[in-house]
Amino acid sequence: MSSPQQYIRPATVWLFLVLSLPWQPLHAQTVTEARTAFRSGRYNDAIAMFSRVTRRQTSSAEAARGLVAALVEVGRYEDAQQAAQRFSRGNPNSAELANALGEVLYLRGDREGAEDAFRRASGAASDSLLARYNLAAQHYESGAIEAARREFDRFIDVYNRGEGLTAAELRAVAGAVRYLSLQDWQLAQDALRAYDEAIAADPGDLEPQVWVGELFLERYRFDLAEETFAAILEQSPGHPRALLGLARTFKSAGMPGAFDTAERALEVNPNLVAARVFLAQLLLESEDYQRALVELERALDVNPTSLEALSVLAAARFLQGDEAGFAAAERQVLQLNPRYGGLYNTLAEACVRTRLYAEAVEFAQRAVELDPTSWRGFTLLGINQMRTGRMRAGRENLETAFEGDPHDPWTKNTLDLLDTLVQYTETSTERFNFAMDAGEAGLLSLYFGELAEEAYDSLAAKYGFRAATPVRVEVFPNHEDFSVRTVGLTGLGALGVSFGPVVAMDSPSARETGDFNWGSTLWHELAHTFHMGISDHRVPRWFTEGLAVYEERRARPGWGDDVNPGFLVAYLQGRLVPVSKLNDGFMRPAYPEQIGHSYYQASLVCELIEREHGFQTLVELLEEFGAGRSITSAFESVLAMDIEEFDTVFDDYLQERFAGPLAALRSTASSDDPPHRSREEIADRARRQPDDFVAQLAMGTLLVEQGRPHEAIGYLEQAKSLFPEYAGDDSPYWHLARIYKEQGGLERAAAELDHLTAINERNYAARMELAELREALNDRRGAAAALQQAVYIDPMGIDLHLKLAELYAGLSEWTRAIRERKAVLALNPVDRAEAQYQLARVYFDAGDIENARRAVLRALEDAPNFQKAQDLLLEIHSRIETGNGNQVRRL
């Protein structure tokens, strides 16, 4: 048996070691460890450690405050409230947890209880300055703005006294100045300075860093906001408010990932009301009202007095046409804060996202009436007045917004754009006003007006509806100007936009030749003008886009999106969204090509509806939307099926419509082969898989590149038979046309290009090549038709118009020949006198003697000794003297 001394020695050694360490209370060590866990995002560990300390040391305000903070961060608000109240009950003479309790109560919507707690803490608690800040902020958010600003002003005095302020106190000062900067933007820099000092005072505290990120976001420094939130997430990867801040930054900067990042925040804190509200706003943009309402319901369950949640709820009810629900939500907001202009700004923004521009103007007007310092309200008002054609009023309100907040990029960019627009040349036709760059207006007005009037007549006849006129069309030679006109920021990928009474689009010169077809773009946007007019601007995004593409395809051969291998492969891989969720394909694309695929998919929906139910059914659906029906109820009413049932019908249609190409692409869709294969691998695959479109096209292309066109023909013809609707720039049609032309088979080459240009709207070279072939085959009319289609891609080349003028004159199509001669002049030819003479000549040949005389005199002004012009002038005078000068031939 061992003696007792053997058991005593280890304890003695342990006691000696403990006594030899620097003395620190055990609970202090644990609090430090808990704080480290909290700041690194190990919230459950922090909660456990803080809880242990508070059980042992019931008077430890530091541990109790840490426990409340950790519980709040993961959304356990009720537990946080109980923890704060438990400390107060155990320490009835202490106000140390009153501020923390007030913050939790405010998060849960108990504004009265929160105010009482903040008042208690603002007396003697160690965080009294933070409590005073929270109290002032609550006053501000309740509409007592002047009183709140007086309270915030006192924080500047506290800072200027130069006393040693803690990190939390500096954060309170920064927050107060941040509120003041809402009316005086220059104070934002002072707020940032105070935040920086708070961070320097306690570098491990993430709270001021989150507030800095939010300040950068408010001040439109999206790059710095992203950098700040990313740095927080490096230290605490699951920080929910940093994740939400990052999501908001992505959304504001137009970057992908906003929805998923906000969902990550909710995984950590499912009760983060701001994240629920943010998701609801994104869902409203996708017109997914039911899912948005679910998010708002969850948000309001947590905090029934959230102004942001109630404002978005009002927007959801308004967009649904629920007048009673809208009025109730509006009333709740204004009862909580009678001066909350943010309600109407939220409504205006929701209307913009769903193309209700006139309503956006009305709500923005109410926002600035309620809060004359709502610079965002003035921006929304001005931009949307411009979208509805009220240019002067729009500028005035944007200038007011700029005076209040000169750093808002939407305001500044749009004002800069207005300075550009005033330099544009304006021209008019019967129903359109055009604003174009002065250097391009002479040329473009020859074509835009004619096509716009044709589109109006065509669409009015089809839909039995006449859109309000005049329609304003703005054409931008700089794509970034168009982007600003559309969304207020640069970087938009679209080609055109319709606001209803106003259309904006890229000029042909804004992009490289072959990037787009301006003619089909104009037709597309004017179709939107009609669709919005019929539906009172309530048509779902995917439906109006699909219907506009559908109209493009019926306007001219080759116009509009068409099928390509990427679309069908995406279908085979299950990446296309069902029709019932098609807005997601536009608003939250899951892969880079999905927006383009969604345009085409939506157009196929319209084709299917027309095939099965007739065109009038499409009009009836627009009318249903105008009556406030949802896509689900509209389909049930007009098509006698719900939208989910239509998903199955549409899937069957795709299988039927593309049966051959789908079979020819199935191996590509399921293949894991690398995209870049050796020549031997390409050849082997083509031999083994004669029914594989990609393999056959790849082999044919390879043989063409190797200078073996005779061998390529078989592969290219096989590829064409497998997928006859594919007419991309690398299609079999293009390669075969070149081969047949080189072999002297001009008819066959022209036939290949006829097929290609009947599908592909952007291939300029194919149309020029086709015109050359048609002229060689003595088909001058076919040559002119091909060149006319080339004009809709790129009208900026003078040789194109010279050739068209010659062809139209030879065909006695005088109106078009005159137009082409005017186009030559608009392009500032080197020999202007010759161009004026040629215009005079075509006028004369058309029998328009007066215009011929004017044109030839202009030629002689440029070159008085120009013999051909002198001779023509003599002919004109002779014609006038014989009395035949007023006989204009049929143009």
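In this predicted model, the side chain of His 531 forms a polar contact with the side chain of Tyr 463, at 3.0 Å. His 531 lies in helix H27, which spans residues 518-534, whereas helix H25 covers 438-463. With residues up to four places away in sequence set aside, His 531 touches Tyr 463, Val 539, Thr 544, Leu 547, Ala 548, Glu 551 and Leu 622. The relative accessible area of His 531 is 0%, and this residue is therefore buried, the cut-off being under 20%.

Although His 537 is not a glycine, its phi is positive, at about 65°. How accessible is His 537, and does it count as buried or exposed? Its relative accessibility is 17%, so His 537 counts as buried, since the limit for that class is under 20%.

A second residue with a positive phi is Glu 287, which is likewise not a glycine and has a value of about 60°. Glu 287 is placed in the loop between H16 and helix H17 (289-302). Because its relative accessibility is 16%, Glu 287 counts as buried.

Helix H16 (residues 273-285) packs with helix H18 (residues 307-320) at an angle of about 15°, and the two axes are 10 Å apart. That angle makes H16 roughly parallel to H18, because angles under 35 degrees are assigned to this class. The crossing of H16 past H18 is left-handed. On the H16 side, the contact is made by Val 277, Ala 280, Gln 281 and Leu 284; H18 contributes Glu 308, Ala 309, Val 312, Ala 315 and Ala 316. By residue class, the contact of H16 with H18 comprises seven nonpolar residues, one polar and one charged.

A further backbone feature concerns a proline. Which form does the peptide bond from Thr 469 to Pro 470 take? This bond is cis, with omega near 0°. Pro 470 belongs to the loop between helix H25 (438-463) and strand E3 (471-476).

How values were computed:
Residues are numbered from 1 along each chain as its sequence is written. This is a predicted model: local features need pLDDT of at least 70, side-chain atom pairs count only at pLDDT 80 or more; totals for chains, interfaces and linings use all residues. Side-chain values use heavy atoms; hydrogens and water are left out. Helices (H or I, at least four residues) and strands (E, at least two) are DSSP runs, numbered from the N terminus. Buried means under 20% relative accessible area, exposed over 50%, partly exposed in between (1.4 Å probe, protein chains only). A polar contact is a pair of N or O atoms within 3.5 Å; within protein, one must be able to donate a hydrogen and the other to accept it, and residues adjacent in sequence count only if both atoms are side-chain atoms. Contact means heavy atoms within 4.5 Å. Axes are lines fitted to C-alpha atoms, for helices over the stretch in contact, and angles run from 0 to 180 degrees between N-to-C directions. Angles under 35 degrees count as roughly parallel, over 145 as roughly antiparallel, 65 to 115 as roughly perpendicular and the rest as oblique. A crossing is left-handed if the near helix is turned anticlockwise from the far one by less than a right angle, and right-handed if clockwise. Ala, Val, Leu, Ile, Met, Phe, Trp, Tyr, Cys and Pro count as nonpolar, Asp, Glu, Lys and Arg as charged, and the others, Gly among them, as polar.
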